[in-house]
Amino acid sequence: MNPVLYLQQEHIAIIRLNRPEKFNAFNREMSLLLQEYLDKAAADELIRCVLIIGNGKAFSAGQDLGEVTGDTPFDFNRILSEHYNPIIQRIRTIEKPVVAAVNGVAAGAGANIALCCDVVLAAESASFIQAFSKIGLIPDSGGTYFLPRLIGFQKASALAMLGDKVSAAEAEKLGMVYKVLPNEDFENGALLTAQTLSEMPTQGLAFTKAALNQSFSNSLNDQLQTEDMLQKKAAATYDYQEGVNAFMEKRKPLFKGK
Ligand code: LHQ
C-alpha cells in the first residue's frame, strides 16, 4: 500500500497520509514520498492549494517508533535532516497555501507538521500531543519554533514538557488551529476551505506567506521594507488587476493565480 496518496481535484492537491493501521506514523518511505508529493504540487501550475489529511482515525502519530528500534533501526542521526526538516521547509516555502486537515490525533512530528501549515483545521474529535517528552526527546519538526509563536512561551513550554493531550476545542482557544469543524463530513468541510483558497489570487497568497515567514525574525523596519517589495510584486499580477476591475464593475472576480 502506498504510504501517501496524491489526488488532484480541480486546483487542489489532496495529499493523504496513508498508514492507517499505524495511525499514519512516518517511516522513511512515507517521509520521502510526502516530500516528493509536495514537490509535485509545487511544480504543477494547475495546483493552487494543497490539502494534507490523514487516512483513518488519526492524522499522524509522528515517527514510526518501530523504525528506530529493533534489529536494524534506521540511523537516528539522519531522521531530522532527511525526513522532517525537508518536509517543514517545503511546506513553508511552497508558493501556494497548504491546509492541514487534522482528522484525528496528531502526535510528535505529526502534530508539528500540521502546525506549520498555513491554515490548520481540526475535526471536533482531533487532538494534539507533543509526545516527544514522554520518550525523552525534544519537540522537533519546528515544534520549538512554531508552538511558542502560536500559543505563547508559557503554554508552549508546559505542553512541550508535560506532553499533555490538547483537544481540538482547546487548540482552537489557544490559537493553535484556525477552526474546528464537525466530525460529520469533516473532509468535505476542509475541502471547502481548500476550494476557496484555490480560487483566490495564488501569487498574492504566496507573497503573503513569504512576508509572514520573515515576520518571525525581522525588525519592524525590515518587515515594512519586505511588505513594500512584495506588495509591488503583488500589484504587478494579473489577479490584482482582475480583483480591482471586478470590484469596480460590481462582479465576482475570476482569478487565474497569475
Ligand atoms: C504507532 C505509533 C508510532 C508506530 C501509534 N509508531 N506505531 C524524531 C527523531 C527520531 C526518532 C523519533 O521520532 C522523532 C519524531 C517523533 O515524532 S517522536 C514522537 C513519536 N510518536 C509518539 O511517541 C506517539 C506514540 N503514539 C501514541 O502515543 C499513541 O499511539 C497515540 C496517542 C498517538 C494514539 O493513542 P491511541 O488512540 O490509544 O492508539 P494506540 O496507541 O492504540 O495506537 C493505534 C495503533 O497505532 C497501534 O497499533 P496496534 O497494532 O497495537 O493496534 C500503535 O502501536 C500504532 N502506533 N503511534 N508512533
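**Helix packing and the ligand shell**

Helices α1 and α2 are roughly parallel to each other, since angles under 35 degrees count as such. In this predicted model, the two helices, α1 spanning residues 28-43 and α2 spanning residues 79-93, pack at an angle of about 20°. Their axes lie 9 Å apart, and α1 passes α2 in a left-handed crossing.

The crossing of α4 and α5 is right-handed.

We can now turn to the ligand. It is surrounded by 18 residues, the closest being Ala-61, Gln-63, Leu-65, Ala-109 and Asp-140. Sorted by class, this shell comprises eleven nonpolar, three polar and four charged residues.

At Ala-61, a polar backbone atom is 2.9 Å from a nitrogen atom of the ligand. At Gln-63, a polar backbone atom is found 2.8 Å from a ligand nitrogen. Leu-65 likewise places a backbone N or O atom 3.0 Å from a nitrogen atom of the ligand. On its own, the ligand has 1000 Å² of accessible area, and the protein covers 62% of it.

Technical notes: Residues numbered from 1 in each chain as written. Predicted model: local features only at pLDDT ≥ 70, side-chain atom pairs only at ≥ 80, totals over all residues. Heavy atoms only, no water. Near = heavy atom within 4 Å. Polar contact = N/O pair within 3.5 Å; in protein donor to acceptor, adjacent residues only side chain to side chain. Areas by Shrake-Rupley, 256 points an atom, 1.4 Å probe, with all protein chains shown as cover. Nonpolar A, V, L, I, M, F, W, Y, C, P; charged D, E, K, R; others polar. Left-handed = near helix turned anticlockwise from the far one by under 90°. Helix = DSSP H or I, 4+ residues; strand = E, 2+ residues; numbered from the N terminus. Axes fitted to C-alpha atoms, helices over the stretch in contact; angles between N-to-C directions. Parallel < 35°, antiparallel > 145°, perpendicular 65-115°, else oblique.
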